[in-house]
Amino acid sequence: EMILPIILSSPWLLAGITTAFQFPKIKFDGISTKEDLNAPHTLVKNSPEQAENLRRRLENYCDISSGDEVLFCWEPTLRKSNEVADVIFQGVARVLREQYKKNQQPSVKKRTVSSLKELILSFPSMSQPADLHKLSAVLQSDECKQFLGVDDVCAELYPSSPAPYLRIQISNVFAEGQTTESAHNSITNASMPVKCAKSSTESWVNKFLGKYRLCPYTCSTSRAAVGLLSVGVPEGAVRVRVESTNAENVSRRSYDMLRAAQLVSSFWSEVVCLMDAAQEDWATSLIVFPEYDTEFESFVDICDGIIEPTVVATHATNSIGRAWFHPNYDADAVGHTEVIAGHAIPHKMVEGFMESLNASGGRDDQISLGYAELVEANNRVRKTPHATINILRRSQLSAAGQYEKGLGKRQPKPNSIYVRNAKRLSKLNLVDD
């Protein structure tokens with residue numbers, strides 16, 4: 001639900017099994033177990049010379065000229081799919097940024113400078129190269145075409161190609177003739193003030209989330225993952241990262257694309273940073289993007305339509321959790337009736353939890369909230385000073401569930417945190433703060 005939500009699960013209890021099941025030994029004939037000596041990851045591992053020869057072969061295969069309309073990214077050592085996603089979306093953001101910079105030049109110079117239109121990225125050591133096909137499918141979605149300007153995408157793997165690669169073609173919406181829009185649709189200064197964004201977000205963590213214990217494992221920006229040491233998780237800090245587009249004098253569509261690319265690339269960059277950092281250094285991350293503060297639906301479109309599908313495509317669900325927050329968060333506007341990744345629990349489900357708790361509890365445990373009051377409180381939990389993405393460590397979420405199982409009779413009732421938080425905020429008259 002929040003920075004470290006309660007995860008409750010019921011294990012299967014296996015009884016009466018005295019010996020472990022063993023698969024029978026099967027002999028396979030005619031299947032070679034020899035290592036492919038020409039496999040891309042093998043060549044990269046063998047020597048720098050073989051890696052360089054592989055790079056040249058791929059350049060020739062992809063017919064990459066010396067022109068400046070193609071950005072070629074060769075990443076010979078990256079193995080993890082989340083690192084690959086980071087490089088891909090950093091590349092998309094770079095292409096759009098280069099197009100924007102070129103469009104800012106004087107008209108005479110514009111005609112003499114080519115613009116990047118294509119991105120080719122290769123990852124010869126990728127442990128799960130088939131994930132490139134999944135990422136390609138996401139990049140071909142309507143959301144990526146609309147918000148990132150993607151025209152066409154293709155992925156090809158070894159042995160069809162010398163090394164696995166992804167080719168992305170991006171339209172140049174910054175080119176002359178494509179940015180002629182009415183004055184009210186153009187952005188004169190797209191860089192909104194962000195000086196106070198970090199401090200206001202830290203204040204929200206300290207004086208709202210931590211103070212009212214809306215997350216039982218977060219006390220402040222300096223103390224998260226609290227109380228989980230017994231299950232192997234040390235306390236760590238909350239890292240706050242503020243991002244902005246820093247673009248001026250661009251059309252509305254161009255600005256929306258720059259902004260979306262920056263948000264997505266920042267997400268994946270922070271995922272890599274969080275996974276590489278020790279838990280005691282920081283427990284969780286908050287990416288703050290004030291330029292989406294007044295556009296809840298646009299923010300959710302990017303989170304649900306681009307970020308979440310790439311999380312699934314890269315199997316990052318095994319290592320991270322994620323949650324979307326916004327000053328105007330409204331679960332009814334999202335329109336979900338079941339639990340979906342990143343979002344608050346639907347109001348009707350929280351109402352059901354409340355009714356279930358009331359039915360199973362004593363007179364002193366009764367919780368009475370009108371539906372309108374519950375809606376306000378349930379939304380309020382997700383309202384931050386600025387548009388924010390929370391990235392959580394999956395290991396901490398699992399540890400929280402393990403810790404609660406060990407509480408025995410003191411273990412919180414399933415889903416009680418959502419009802420408790422709604423009741424607490426309503427009682428404190430904080431729903432409209």
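Me: Hi, which strand does strand 2 pair with, and in what sense?
Reply: Strand 2 (residues 118–122) pairs with strand 4 in the antiparallel sense, over five bridges. Two strands pair if DSSP finds at least two bridges between them. Strands here are DSSP runs (E, at least two residues) and helices are runs of H or I, at least four residues, numbered from the N terminus.

Me: And what kind of model is this?
Reply: It's a predicted model, where local features need pLDDT of at least 70 and side-chain atom pairs count only at pLDDT 80 or more, while totals for chains, interfaces and linings use all residues. Residues are numbered from 1 along each chain as its sequence is written, and side-chain values use heavy atoms, leaving out hydrogens and water.

Me: Back to strand 4. What is the bridge partner of Leu-121 there?
Reply: Leu-166.

Me: What about strand 3 and strand 4, how many bridges?
Reply: Six, and strand 3 (residues 150–156) pairs with strand 4 in the antiparallel sense. Cys-154 stands opposite Arg-167 of strand 4.

Me: Is strand 4 largely enclosed or exposed?
Reply: Strand 4 (residues 165–170) has five of its six residues buried, so it is largely enclosed by the rest of the structure. Buried means under 20% relative accessible area, exposed means over 50%, and partly exposed is in between (1.4 Å probe, protein chains only).

Me: New topic: what is the strand order in the open sheet of four strands?
Reply: The order is 8-10-12-11, with mixed pairing. Strand 8 (237–242) and strand 11 (320–325) are the edge strands, each pairing on one side only. On average, neighbouring strands of this sheet are turned by 20 degrees against each other, direction ignored.

Me: How do strand 11 and strand 12 pair?
Reply: In the antiparallel sense, over six bridges, with strand 12 covering residues 388–393. Phe-325 has Thr-388 of strand 12 as its bridge partner.

Me: Which strands does helix 8 lie across?
Reply: Helix 8 (residues 252–276) lies across strand 8, strand 10 (282–288), strand 11 and strand 12, and it runs at about 170 degrees to strand 10. Axes are lines fitted to C-alpha atoms, for helices over the stretch in contact, and angles run from 0 to 180 degrees between N-to-C directions.

Me: And helix 9, which strands does that one lie across?
Reply: Helix 9 (residues 296–313) lies across strand 11 and strand 12, at about 175 degrees to strand 11.

Me: What comes in the loop between helix 9 and strand 11?
Reply: Thr-317 lies in that loop. At 27% relative accessibility, Thr-317 counts as partly exposed.

Me: Which residues does Thr-317 touch?
Reply: Leaving aside residues up to four places away in sequence, Thr-317 touches Val-311, Arg-322 and Arg-394. Contact means heavy atoms within 4.5 Å. Thr-317 and Arg-394 are 77 residues apart in sequence, but 7.7 Å apart in space, C-alpha to C-alpha.

Me: Last one: at what angle do helix 3 and helix 8 pack?
Reply: About 150 degrees, with their axes 8 Å apart. Helix 3 and helix 8 are therefore roughly antiparallel to each other. Angles under 35 degrees count as roughly parallel, over 145 as roughly antiparallel, 65 to 115 as roughly perpendicular and the rest as oblique.

Me: And how do helix 3 and helix 5 lie to each other?
Reply: The axes of helix 3 (residues 81–103) and helix 5 (residues 131–139) come within 11 Å and cross at roughly 40 degrees. The two, helix 3 and helix 5, are therefore oblique to each other.
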